[in-house]
Number of protein chains: 2
Amino acid sequence: MDQLSATFAALADPTRRAILARLTDGPATVKELSEPFDMSGPAISKHLRVLEKAGLITRGREAQWRPCQLDATPLKEVAVWAENYRRFWDASYARLDELLTEMKEKDS
Amino acid sequence: MDQLSATFAALADPTRRAILARLTDGPATVKELSEPFDMSGPAISKHLRVLEKAGLITRGREAQWRPCQLDATPLKEVAVWAENYRRFWDASYARLDELLTEMKEKDS
DNA sequence: CTCGTACCTAACCACTTGGTTATCTAACCG
DNA sequence: CGGTTAGATAACCAAGTGGTTAGGTACGAG
């Protein structure tokens, strides 16, 4: 699977996005990350593995803890991709597009 | 499923992103959209249904054709979400973060 | 009316996903 | 040593996904 697809797939889950949001406050252990969720440990472990495979987090070792840290690099690609569609969601750009189409039709 | 999750899920497939890219050139029929792919008609129909449910395309009726049109509105939410992480992928901001953390530690 | 085209639905398949419980390892703490 | 805590792994399950083929509907053309 390509990087962008893996990133989008990882982000398509509210739990995983919440985990990323939590990690913007700094590294955290698996236990800390699982606190806010009514979910078993293994479920969180699976989410973390998805995030890790997508390159969105990195994990260290510190005694019996496996601290997680945010790595937002793949999100840059997401932002760039989305920005390419900006002119299609911005209403004024849409109207400009219509105008340009009209003008082009009159020209030809 | 919430809007953002639905949007990310819809974007987590290269075929669907390619369809969106094609639609930036203007509306197209299902047949036209399926041309570039070595895939059966129903497979494309399913992808289009996912995109439609995510609000990324709208569909009309014109005789026996069902023209598809891009609706990039949900992508605005994606862009905004990703932008919130900009400071975490930008190296200079990351270094600034480190500095601020150091300063905070020395203060306390 | 008949034929071909565009498209959809239904049924099916293999695989993935998001969750569970039970069990295991690894590390600290007494 | 034994007990507790952090975490991973394994096996399982229900539901979803991405594809297929077969068959159905709606429309325009001859």
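The model is predicted, so local features are reported only at pLDDT of at least 70 and side-chain atom pairs only at pLDDT 80 or more, while totals for chains, interfaces and linings use all residues. Residues are numbered from 1 along each chain as its sequence is written, chains are lettered from A and ligands numbered from 1 in the order in which they are written, and side-chain values use heavy atoms, with hydrogens and water left out.

Where the chains meet, 26 residues of chain B are in contact with 26 residues of chain A (contact means heavy atoms within 4.5 Å). The area buried between the two chains is about 2,300 Å², and carbon and sulfur atoms give 75% of it; buried area is the accessible area (1.4 Å probe) that two parts lose on being put together, summed over both. On the chain B side, Arg17(B), Tyr85(B) and Trp89(B) supply 25% of the area that this chain buries against chain A, more than any other three residues.

Two salt bridges are counted between chain B and chain A, a salt bridge being a side-chain nitrogen of Lys or Arg within 4 Å of a carboxyl oxygen of Asp or Glu. Arg17(A) forms a salt bridge with Asp2(B), with the closest N and O atoms 2.9 Å apart. Among the elements of chain B, α5(B) gives the largest share of the side that touches chain A, with eight residues; helices (H or I, at least four residues) and strands (E, at least two) are DSSP runs, numbered from the N terminus.

Arg17(A) also belongs to helix α2 (residues 14-23) of chain A, where it is buried, as are Thr15(A), Arg16(A), Ile19(A), Leu20(A) and Leu23(A). Buried means under 20% relative accessible area, exposed over 50%, and partly exposed in between (1.4 Å probe, protein chains only). At the start of α2(A), a side-chain oxygen of Asp13(A) comes within 2.8 Å of the backbone nitrogen of Thr15(A).

Most residues other than glycine have a negative phi. Ala63(A), however, has a positive phi of about 55 degrees. This alanine is found in the loop between β1 (57-59) and β2 (68-70) of chain A, and Ala63(A) is exposed at 67% relative accessibility. In chain B, phi of Ala63(B) is near 55 degrees, and Ala63(B) is exposed at 69%.

Finally, the structure holds zero disulfides over all chains (a disulfide is a pair of cysteine sulfur atoms within 2.5 Å). Cys68(A) is buried, at 0% relative accessible area, and Cys68(B) is buried at 1%.

Conventions: Polar contact = N/O pair within 3.5 Å; in protein donor to acceptor, adjacent residues only side chain to side chain.
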